[in-house]
Amino acid sequence: SNPVEKDRASTYDNLCPYITYEGWYPKIVFFNEEQQTIVNTYKTVINEYVEMEFAKFVTGARPITDEEMNKYYAELDAMGYQEYLQYYVDYYAENK
């Protein structure tokens, strides 16, 4: 059997239950230029940090404890994670 066809069928089977024919959601939509610039800035900084800290957690350089996780989440918030997330929340609310 062809793995590409198998993957394509699996994707189709997994997405179909979520498509509404009234608006064909999920649909592809985009941020405006100003929003995209801001989102990209947050995304770059936050993703670099997440990748770096993930490696520390995996290698044991940073313990996975409640205290460390709370510090990690606080560090993300200090970097603007809540603001970054709010762009997606607002965007979803406007385009659903």
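The tour visits a pair of helices, then a residue in the loop that joins them. Bear in mind that this is a predicted model.

**Stop 1: the helix pair**

Select residues 33–59, helix α2, and residues 66–78, helix α3. Their axes come within 11 Å. They cross at roughly 165 degrees. Angles over 145 degrees count as roughly antiparallel, so α2 is roughly antiparallel to α3. The crossing of α2 past α3 is right-handed.

**Stop 2: the contact**

Now show the residues that make the contact. On α2, pick I46, Y49, V50, E53 and F57. On α3, pick M69, Y72, E75 and L76. Color them by class: 7 are nonpolar, 2 are charged and none is polar.

**Stop 3: the loop**

Select R62, which sits in the loop between α2 and α3. Is R62 buried or exposed? R62 has a relative accessible area of 8%. The cut-off for buried is under 20%, so R62 counts as buried.

Which side chains make polar contacts with the side chain of R62? One is the side chain of E53, at 2.5 Å. Another is the side chain of E68, at 2.7 Å. E53 also belongs to the α2 side of the helix contact.

**Stop 4: around R62**

Finish with the neighbors of R62. Leaving out residues up to four places away in sequence, R62 touches Y49, E53, K56, F57, E68, K71, Y72 and E75. Keep the helix contact displayed as you look: Y49, E53 and F57 of α2 are among its residues, as are Y72 and E75 of α3.

Notes: Residues are numbered from 1 along each chain as its sequence is written. This is a predicted model: local features need pLDDT of at least 70, side-chain atom pairs count only at pLDDT 80 or more; totals for chains, interfaces and linings use all residues. Side-chain values use heavy atoms; hydrogens and water are left out. Axes are lines fitted to C-alpha atoms, for helices over the stretch in contact, and angles run from 0 to 180 degrees between N-to-C directions. Helices (H or I, at least four residues) and strands (E, at least two) are DSSP runs, numbered from the N terminus. Angles under 35 degrees count as roughly parallel, over 145 as roughly antiparallel, 65 to 115 as roughly perpendicular and the rest as oblique. A crossing is left-handed if the near helix is turned anticlockwise from the far one by less than a right angle, and right-handed if clockwise. Contact means heavy atoms within 4.5 Å. Ala, Val, Leu, Ile, Met, Phe, Trp, Tyr, Cys and Pro count as nonpolar, Asp, Glu, Lys and Arg as charged, and the others, Gly among them, as polar. Buried means under 20% relative accessible area, exposed over 50%, partly exposed in between (1.4 Å probe, protein chains only). A polar contact is a pair of N or O atoms within 3.5 Å; within protein, one must be able to donate a hydrogen and the other to accept it, and residues adjacent in sequence count only if both atoms are side-chain atoms.
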